[in-house]
Every structure is written in C-alpha cells, then in structure tokens.
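I opened a new notebook page for this structure. Below are my entries, in the order I looked things up.

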Amino acid sequence: NGGYDARHYTIDLDVDVASNTISGTTTMVAQATQDLATFHLDLAGLDVRRVVVDERPASFARTSHELIITPSVVLPNRAPFTVTIDYAGVPEPITDPSVSFVPLGWQRQSDGLFVVSEPSGAMNWYPVNNHPADKATYTFRITVPQPYQAVANGVLADVMQGVGVTTTTWEMTDPMASYLATVHVGQYEVEQTTGPNGLPILNYFPIGTPD
C-alpha cells in the first residue's frame, strides 16, 4: 500500500470472549509520500462502520482484503494525516499459502483468545498497512470481561477496572512490523522480574500452569 508512511497505530478493542466478537477503533497517524486522492489499508473480513480522515468523514470501498479510502480533500505530499476506522465482527483466521500448516491472525482457544500474525495475519483484527517494511509504534487499549486479562506488545501503561470489565493499555514505543502486533486474552498468574537497566519483565502464565 504505497503513498504514505505509517508512524503510529492506536488500537482500541472491546472484546467479547464468549462470542469471539471484537468492536474496535484503530487510528493510524501517517505521513503522505505523494499527493493522495485515495489510499489503501489491509483489512480482511470485519464490518467497517465509519472512516474519518483528519476529523472529516471519508468514503471507503472494499475489494478482497483491501480497504480503499477516499478522503474529502486530497492529502498533499509530505503532509501528516490521521485516519480513524470503526469496525466490528468475528475475526476469521487467515490461510496463507506460505505457512499453510497454521491459521493466522486473531483466534479462539478453549481458555481465551490469541494472535499469531506472521506473516500476514494482522489484517484479520485491525486495519493496517500490512507490510513489514512499514514499521510503526503502537498503543493498545484492550477491554475484556472480568476475570480475563489482556496482554499486548510493549510496556504495561495502565490498568483500569470498570463495571464487569478491565481495560489494559500497552505502549510499544519502538517501531515494529505489523506481523509482530499481538494480543492474548485469558486468565493468568503474573510473574514480574527486572531485566538489565531496570527493564520490567512480565510473564503471564495461564492459571493452572505447573510450576
């Protein structure tokens, strides 16, 4: 998906573990690398409800896994811009011929949910420029029903308890390829240690894991 450089993704997800349904808003901050009358993101399945570019409603179309966005005005070369996409549905695992022995993306398991995206699975749970050359930083805000916990990339920044739900915020400040973005939802025992230079290390073990 040419014409821009993704800089940061903020992924807000409400997760219904029982039905494996997600309701999400993903905001991408990017910079145009040419004049853009339209641009593409990758999103497989899921229903797109609204697209906004620089706080203005934008039109969109779907072709296979391509989400084609037409902003209300042309985005000039080198200009920063922000696109926000509201979407929802049940993620369908992706079959990639390069790794045909395993399904990819957001998936269900007996005690929760997990993501394995390499190489192409990221697009089944958030809209993204799904190419490893376009690295970006990330913020994940994941809301899950209690007693589940949500784990994602980066450093744990905040945990907020609501009525029957928990919202966890993770910050990934080093640019990474989209296939590395991951979320795991389950019931965990947490072990915290400290690595070099005070690096916090959090290990999440499913409850009942032998010592």
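This is a predicted model: local features need pLDDT of at least 70, side-chain atom pairs count only at pLDDT 80 or more; totals for chains, interfaces and linings use all residues.

Residues are numbered from 1 along each chain as its sequence is written, and side-chain values use heavy atoms, with hydrogens and water left out.

**Entry: salt bridges**

How many salt bridges does the structure hold? I found 3. The term asks for a side-chain nitrogen of Lys or Arg within 4 Å of a carboxyl oxygen of Asp or Glu.

I began with R50, whose side chain meets that of D86 in a salt bridge (3.0 Å, N to O). D86 sits in strand β8 (residues 80-89) and R50 in strand β4 (residues 47-53), so this pair ties together parts 36 residues apart in sequence. Strands here are DSSP runs (E, at least two residues), numbered from the N terminus. D86 is buried, with a relative accessible area of 16%.

Next I looked up D12 and R141, whose side chains form a salt bridge (2.7 Å, N to O). D12 belongs to strand β1 (residues 4-16) and R141 to strand β11 (residues 136-145), so the pair ties together parts 129 residues apart in sequence. D12 is partly exposed at 24%. R141 is partly exposed too, at 33%.

D5 and R7 also meet through their side chains in a salt bridge (2.8 Å, N to O). I list D5 as partly exposed at 27%, and R7 as partly exposed at 42%.

**Entry: the core**

Which residues touch the most other members of the largest nonpolar core? They are I69, W125, Y126, Y138 and F140, out of 54 residues. Such a core is a set of buried Ala, Val, Leu, Ile, Met, Phe, Trp, Tyr and Cys residues joined through side-chain atoms within 4.5 Å. β1 gives the largest share of this core, 6 residues.

I then followed F140. Beyond its neighbours within four places in sequence, its contacts (heavy atoms within 4.5 Å) include I11, W125, A152, W170, M176 and V183.

**Entry: aromatic rings**

I counted 11 aromatic pairs. Rings of Phe, Tyr and Trp (its six-membered ring) pair if their centres lie within 6.5 Å; planes under 30 degrees apart count as stacked, over 60 as edge-to-face and the rest as tilted. Y126 and Y138 have ring centres 6.1 Å apart and planes at 85 degrees, so I wrote edge-to-face. Y126 is in the loop between β10 (112-116) and β11, while Y138 is in strand β11, 12 residues apart. Both Y126 and Y138 are buried. One aromatic cluster holds Y9, W106, W125, Y126, Y138 and F140.

**Entry: a sheet**

Last, I traced an open sheet of 3 strands, ordered β3-β7-β6 with antiparallel pairing. Strands pair if DSSP finds at least two bridges between them. β3 (39-42) and β6 (59-63) are at the edges with a single partner strand each, so one side of each has no neighbour in the sheet. β6 and strand β7 (residues 66-70) pair over 5 bridges in the antiparallel sense. The bridge partner of T63 in β7 is E66.

Definitions and conventions: Buried means under 20% relative accessible area, exposed over 50%, partly exposed in between (1.4 Å probe, protein chains only). Helices (H or I, at least four residues) and strands (E, at least two) are DSSP runs, numbered from the N terminus.
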